[in-house]
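Hi,

Here is the structure I promised to pass on.

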Amino acid sequence: MENKERIRQERIDNIFKAVNRDNPKTVPIFANTVQGMIAYAGITYKKALENPEIYPTAMSRIFDDMYADCYQPNETGIYPMADKAMNNSFQLKIGPDGTSVEHVARPVMYEDEYDALEADPSGFVKNVLIPRMYSFLFTEGIDKAKKRIEAIVEDTLRMYELFDAPLDERLQNEYGLAKLFLSGGECPIPAPPIDTIFDCYRGFKGTQIDLRRQFDKVNAAIAAMWESAEYMPIENTFPFVGSAPHIPAYLSPKQFEKIYWPYYKKGIDYLDENGTKFVILAEHKWLHILDFFRDVTRNSCVFIADDDDVLDVHAKIGDYHTVAGGAKLSKLRFETNEQTIDYAKKVIDTCAPGGGFIFTTDKPWNSPTDINQNLVDVYNFAHEYGRY
Amino acid sequence: MENTKHGYSFDDILKAAHDDPEWKQPEEVKKMAFFLGDMMLWF
């Protein structure tokens with residue numbers, strides 16, 4: 001255990017050196033870990049969630065064969081008992097393959113309700129949106145309703161204690177891996193309010209239409225929502241802080257500048273002032289907005305390239321912030337071993353000199369099909385090849 | 001804007017859960033009920 005802790009600390013030191021361009025020894029290798037990795041143990045996520053005793057071992061088995069320095073936090077994201085207590089009405093479900101987690105969003109806010117949202121953001125959620133989504137809570141009597149709330153609290157806690165925490169412990173103590181960034185529940189900075197409108201209130205289509213037809217109303221509601229935003233104290237500089245926003249890719253630079261960047265920048269500045277870094281899972285494509293990130297401190301961010309080619313992200317911002325990539329899940333699935341390793345080699349040769357680069361996949365390992373021999377081999381290759 | 005159409009609001013439900021003497025949990029757990037807001041719309 002002591003040896004693993006020493007290894008973990010050395011890996012953390014090397015990660016700091018990489019993101020600060022301060023002579024890292026190796027390219028840090030980031031395992032984009034989510035529930036798909038259970039497939040390496042030959043079982044489904046659904047099955048593993050029925051048995052907390054096998055969960056941490058099964059979820060981490062891939063690291064018996066694959067090298068990594070760090071991983072992303074694993075929140076189960078699934079709350080079976082809470083979902084049952086809420087009449088199976090949760091949007092988060094395990095898909096038909098028994099492992100992939102799906103979020104089938106049901107937008108609950110109407111297009112003409114921005115004035116009400118602006119007038120009282122918290123009250124609007126509690127008194128309009130929640131009753132709309134969970135109407136049964138308000139028609140069955142308060143005694144039944146309170147029991148459902150108790151079940152939600154208990155199940156979120158149960159899933160953390162039985163699954164999330166033991167997996168963290170195993171990855172760190174048995175494999176010496178470092179958790180690269182905090183889980184969503186531990187995040188010390190508030191998300192830009194438009195993320196909440198996009199993810200939870202109006203959905204993809206509704207938000208996109210609103211931004212074109214009633215931008216000023218959206219903007220006013222966002223400002224009102226931000227008034228109650230809170231920053232939590234930062235006690236440690238590591239793990240870093242992570243963000244996986246969904247809407248930036250779909251905003252024009254002009255929209256991003258007005259409704260996203262002011263709020264996002266405040267969070268990045270706050271993290272930088274406290275000595276930690278911001279890891280951004282840049283979902284879909286971000287090339288058109290990356291120049292904004294030259295207005296924050298150099299080396300304060302890490303961009304994990306998603307549908308953008310990491311070589312393009314590096315060309316755009318790699319001199320200023322760390323970029324991460326080198327393996328694409330879709331290519332690992334279909335290309336030859338040689339092709340995937342050639343691409344990784346090209347990315348390391350281009351992006352890694354001088355630091356400011358982390359090797360990883362473009363997307364988290366959500367599905368069993370994301371786990372294959374090419375994935376294991378390219379990670380092991382990147383570690384061997386990525387020595388300075 | 002309090003929605004008490006059915007005689008009680010969401011805040012009333014949260015308070016009833018927190019104050020429920022049959023809910024055998026420590027205070028810090030019971031307090032978590034009050035943080036259920038936007039999260040209910042993501043679950």
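Helices α10 (residues 215-226) and α11 (residues 253-273) of chain A are roughly parallel to each other, because their axes cross at roughly 10° and angles under 35 degrees count as roughly parallel. Those axes come within 11 Å; they are lines fitted to C-alpha atoms over the stretch in contact, with angles running from 0 to 180 degrees between N-to-C directions. Helices here are DSSP runs of H or I with at least four residues, strands are E runs of at least two, and both are numbered from the N terminus.

On the α10(A) side, the residues in contact (heavy atoms within 4.5 Å) are Phe215(A), Asn219(A), Ile222(A), Ala223(A) and Trp226(A). They meet Gln255(A), Lys258(A), Ile259(A), Tyr263(A) and Lys266(A) of α11(A). By class that makes six nonpolar, two polar and two charged, where Ala, Val, Leu, Ile, Met, Phe, Trp, Tyr, Cys and Pro are nonpolar, Asp, Glu, Lys and Arg are charged, and the others, Gly among them, are polar.

Before you go further: this is a predicted model, in which local features need pLDDT of at least 70 and side-chain atom pairs 80 or more, while totals for chains, interfaces and linings use all residues. Residues are numbered from 1 along each chain as written, chains are lettered from A and ligands numbered from 1 in written order, and side-chain values use heavy atoms, leaving out hydrogens and water.

Now the interface. Chain B puts 27 residues in contact with 41 of chain A. Together the chains bury about 3100 Å², 72% of it on carbon and sulfur atoms; that is accessible area (1.4 Å probe) lost on putting the two parts together, summed over both.

There are four salt bridges across the interface, each a side-chain nitrogen of Lys or Arg within 4 Å of a carboxyl oxygen of Asp or Glu. One of them pairs Lys147(A) with Glu22(B), with the closest N and O atoms 3.3 Å apart. On chain B, the elements giving two or more residues to the side that touches chain A are α1 (10-19) and α3 (38-42). α1(B) gives the most, with seven residues. That side of chain B has 16 nonpolar, five polar and six charged residues.

Two backbone spots to check in chain A: Phe238(A) and Pro239(A) are joined by a cis peptide bond, omega about 0°, and Pro239(A) sits in the loop between α10 and β6 (241-243). Asn87(A), in the loop between α4 (80-85) and β3 (92-94), has a positive phi near 60° without being a glycine.

Cheers

Notes
Angles under 35 degrees count as roughly parallel, over 145 as roughly antiparallel, 65 to 115 as roughly perpendicular and the rest as oblique.
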